[in-house]
Amino acid sequence: SYVVELQKACDFVRACNNVLVVSHVQPDGDAISSTLVIGWLLRRWNKTFKMVNENGVPHRLRYLSMSEVVRSYADEEERHSQLTYDMVICVDCADYSRIGKIAQWVAQDARILNIDHHPTNDHYGEVALIREDAAATAEILFDMLQVSGEELDSEVATMLYTGILTDTGGFRYSNTTPHVMAIASQLLKHGVDGNDIADRLLEKMSMPQVQLIKRGLSRLSFTPDQKIGWLYISPEDMIDTGALSEDLEGLVNYPRNIEGVEVGLLFKQVDETGVKVSMRSAGTVNVAEIAQHFGGGGHVVAAGCKINGQLHDVITMVVERVNQSL
Ligand code: 5GP
Ligand code: MN
Ligand code: MN
């Protein structure tokens, strides 16, 4: 049962010491929050641990307590050239390769706890706590903290709320279940400032982000039947606007939100050889399947992948593949 699974995950955490807590590359609110919640629990239990992900903490999430001690790969590359961890907790990572370069710090025979909510999760690790029906990894962690017997404080409540808020698109997506709302209510009772978090994450935009939206929207393209809409961002766009990867978040919603559009796509040329693709579905098309076809993964209505090739070839190929699914 679920409670037994939660208990197993708790036991793993309790047995940990000198453990690496890691989430996926280009972490989102759920990835960072989930990392911090595990860190919070490890700290309560007087464990030594390191929290990390390939890219570090996006600026807009730095209000979260303990976020200042989360490291990026670049921060500790030198120090870890020799050292490896033999206990690892992966959060919000559908497959092990999602931790990116951090894999270099993990011992070959490391014991892994895998906590995640992606339907494409391949159940890697010694203990895998996977709930496809959870809106966020943070939702699973809320349940896990209940089982742990630890009393929540406003710090951890803010982490949990942040993970759930971001992965439900501000309590708007179809994953916003009664359980999600009940948890949110509990968290508010524990002192979360819901208005402040919503303002930071849903309302405020950085200036580079707005400049990027301007460019992106000027390039909106559609198939003749207007069921697929897409835009792309080039490396020059990033340089000219001073945007960071985190400023791309939300851009893919513009095509998806247009009446009649079934699938919205965002293409970002990341280097000469690769294009990052974000896919969003209005509900009819399973974009997780399409992303998986290209070596990525995700959820039925929100998925992604990275494809090697020239930007415009990749656009043609992906649009073609999505069109077949309509
Ligand atoms: P986004 O488009 O915001 O980067 O990602 C949307 C969803 O797809 C997220 O749940 C994310 O974890 C997943 N996703 C994005 N890119 C990849 C990828 O390259 N591989 C896998 N397995 N999942 C991805
Ligand atoms: Mn995530
Ligand atoms: Mn998530």
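**Ground rules.** I number residues from 1 along each chain as its sequence is written, and I letter chains from A and number ligands from 1 in the order in which they are written. The model is predicted, so to speak of local features I need pLDDT of at least 70, and side-chain atom pairs count only at pLDDT 80 or more, while totals for chains, interfaces and linings use all residues.

**The sheet.** I looked up the strand order and found an open sheet of five parallel strands, S2-S1-S3-S4-S5. Strands here are DSSP runs (E, at least two residues; helices are H or I, at least four), numbered from the N terminus, and two strands pair if DSSP finds at least two bridges between them. S2 (49-52) and S5 (127-130) are the edge strands, each pairing on one side only. From one strand to the next, the twist averages 25 degrees; axes are lines fitted to C-alpha atoms, for helices over the stretch in contact, with angles from 0 to 180 degrees between N-to-C directions.

I then checked S3 (residues 85-91) against S4 (residues 106-116): six bridges join them. Methionine 87 is opposite arginine 111 of S4.

**The helix.** H1 (residues 2-14) lies across S3, S4 and S5, at about 130 degrees to S5. Contact means C-beta atoms, placed from the backbone, within 7 Å.

**Ligand 1.** Which residues are closest? Ser278, Gly296, Gly297, Gly298 and Gly304 are, out of 15 that surround ligand 1 (C-beta atom, placed from the backbone, within 6 Å). S11 gives the most to this shell, five residues.

Note on methods:
Contact = placed C-beta atoms within 7 Å.
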